[in-house]
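Here are a few exercises to work through with the model open in your viewer. Try each one before you read its solution.

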Amino acid sequence: MNPTERPSGRPPAGEESALELGLPAEDKRLLAELAALLELADPLPDDLVVRTRFAMELDDLDYEVATWQRDDQLVGVRGTAAPNTITFTVGDLTVMVSLAPAANGNRFDGWLVPGGPHRIEVRVDGHEPATTSADEGGRFALQEVPKGITQIVVHLAEQSGQRARTVVTPTIVL
Amino acid sequence: MSDGQPPFEDVDWRELTGYERHAACLIAARVGDMKALDALVADLTPLIWYVARGQGLDRTTAEDVVQTVWLTLLRNLHSVAEPRALANWLIITTRREASRIRGGRDRVDPLPDDAMELLPSAEGLPEVETLRSDRDRILWRAFGQLPYECQELLRLTVLAGRAEYDYVAEKLRMPRGSIGPKRGRCIKRLRGYLDEEGGMS
């Protein structure tokens, strides 16, 4: 259904739907109106399928999925301004990355806690992955990472009492 | 066509729809058919999105959750016990992830205001469009006041009205549980909020 074809705020009269749940006609009308509104006000993000497919192009399927820490205050403005600092966590691992503009993308300055000689791989759609290793304190830097659909993969080094693990993030657009 | 046990292992998933298609795609993906996995992502991402949004997550967090659910599936391709119930597995995984993200945080503002920014501005539009926008705003506010359970149920109900999501309709039609009465109560609450907001229901 194309919401722009609705002549007014009234529900599309007599619209046929695959939905037959024995609802009263007035409920069906309200739901049809809600359907049009959801399509207008809360559509599936255009690039989400593409981003998801990119996130899933992984060689090693033994990974844990990290969670981006979102600053609630930024909700609603994201997408208009790229963040300066991004953080993700999984279990006891926290990774912070601060971004600074570079000639052809962003400079990444990152910090992993707990620290260690972990390998960091930044995947950007349409580009070769950028990789580096953290120092013993967990710090790492990448001079220039292209902008775009970005996923960070961390290969955690085997350490005392800790087996090697791989952590992947959902994609973020930087 | 969904009642029998077609030998979907032997059928090309491209020729199937609904449960059979999901199952065939999942089985094909297990042996490395990336096209089948891509098809699943295209077919079922809207479902995960609707559930995540219905769980009260803002759009940005919902985008993360959609990807997290797919990454979780990819890691568990071989351990999904019932391929025909993949849509169900995805719904349950999405709810679990949403509740994990919300955990520890205060209840999120039930009014998902962020999406309102996507509504076209009334400025410069003909009066009919302005009216429509007012009505939409009122309905959106009323919907946002509903408990998450209602938001999710009504979103799924709406999704089930689209032909390509007939399996959701199938699920919602199931006599098991109290979906029917629950939906009735949700719609009634929505009407109540609409009246309070001054919109005709």
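A crossing is called left-handed if the near helix is turned anticlockwise from the far one by less than a right angle, and right-handed if the turn is clockwise. Keep that handy for the first exercise, and bear in mind that this is a predicted model.

**Exercise 1. Describe how helix 1 and helix 2 of chain B pack, and work out the hand of their crossing.**

Step 1: Find the two elements. Helix 1 of chain B covers residues 18-30 and helix 2 of chain B covers residues 34-54.

Step 2: Get the geometry. The angle between these helices is about 140°, and their axes lie 7 Å apart.

Step 3: Roughly antiparallel needs an angle over 145 degrees, and roughly perpendicular covers 65 to 115. Helix 1 and helix 2 of chain B are therefore oblique to each other.

Step 4: Apply the rule for the hand. The crossing of helix 1 and helix 2 of chain B comes out left-handed.

Step 5: List who touches whom. Helix 1 of chain B brings B:His22, B:Cys25, B:Leu26, B:Ala28 and B:Ala29, while helix 2 of chain B answers with B:Ala36, B:Leu37, B:Ala39 and B:Leu40. Sorted by class, this helix contact has eight nonpolar residues, one polar and no charged ones.

**Exercise 2. Which helix of chain B gives the largest share of the side of domain 1 that touches domain 2?**

Step 1: The domain assignment of chain B places domain 1 at 8-102 and domain 2 at 113-196.

Step 2: Count the contact. Domain 1 of chain B puts in 13 residues and domain 2 of chain B twelve.

Step 3: Look for the helices. On the domain 1 side, helix 1 and helix 2 of chain B each supply at least two residues. The largest share, six residues, belongs to helix 2 of chain B.

**Exercise 3. Trace the pairing of strands 3, 4 and 5 in chain A.**

Step 1: Start with strand 3 (residues 85-90) of chain A, which runs antiparallel to strand 4 (residues 93-102) of chain A, with six bridges joining them. Here A:Ile86 sits opposite A:Val97.

Step 2: Inspect the turn. Two residues separate strands 3 and 4 of chain A in this hairpin, where A:Gly91 has a positive phi near 55°.

Step 3: Move on to strand 5 (residues 105-113) of chain A. Nine bridges pair strand 5 with strand 4 of chain A, again antiparallel. A:Thr94 faces A:Val113 in strand 5 of chain A, and strands 4 and 5 of chain A form a hairpin with two residues between them.

Terms used:
Residues numbered from 1 in each chain as written. Chains lettered and ligands numbered in written order. Predicted model: local features only at pLDDT ≥ 70, side-chain atom pairs only at ≥ 80, totals over all residues. Pairing = 2+ DSSP bridges. Helix = DSSP H or I, 4+ residues; strand = E, 2+ residues; numbered from the N terminus. Axes fitted to C-alpha atoms, helices over the stretch in contact; angles between N-to-C directions. Parallel < 35°, antiparallel > 145°, perpendicular 65-115°, else oblique. Contact = placed C-beta atoms within 7 Å. Nonpolar A, V, L, I, M, F, W, Y, C, P; charged D, E, K, R; others polar. Domains from an automatic or database assignment.
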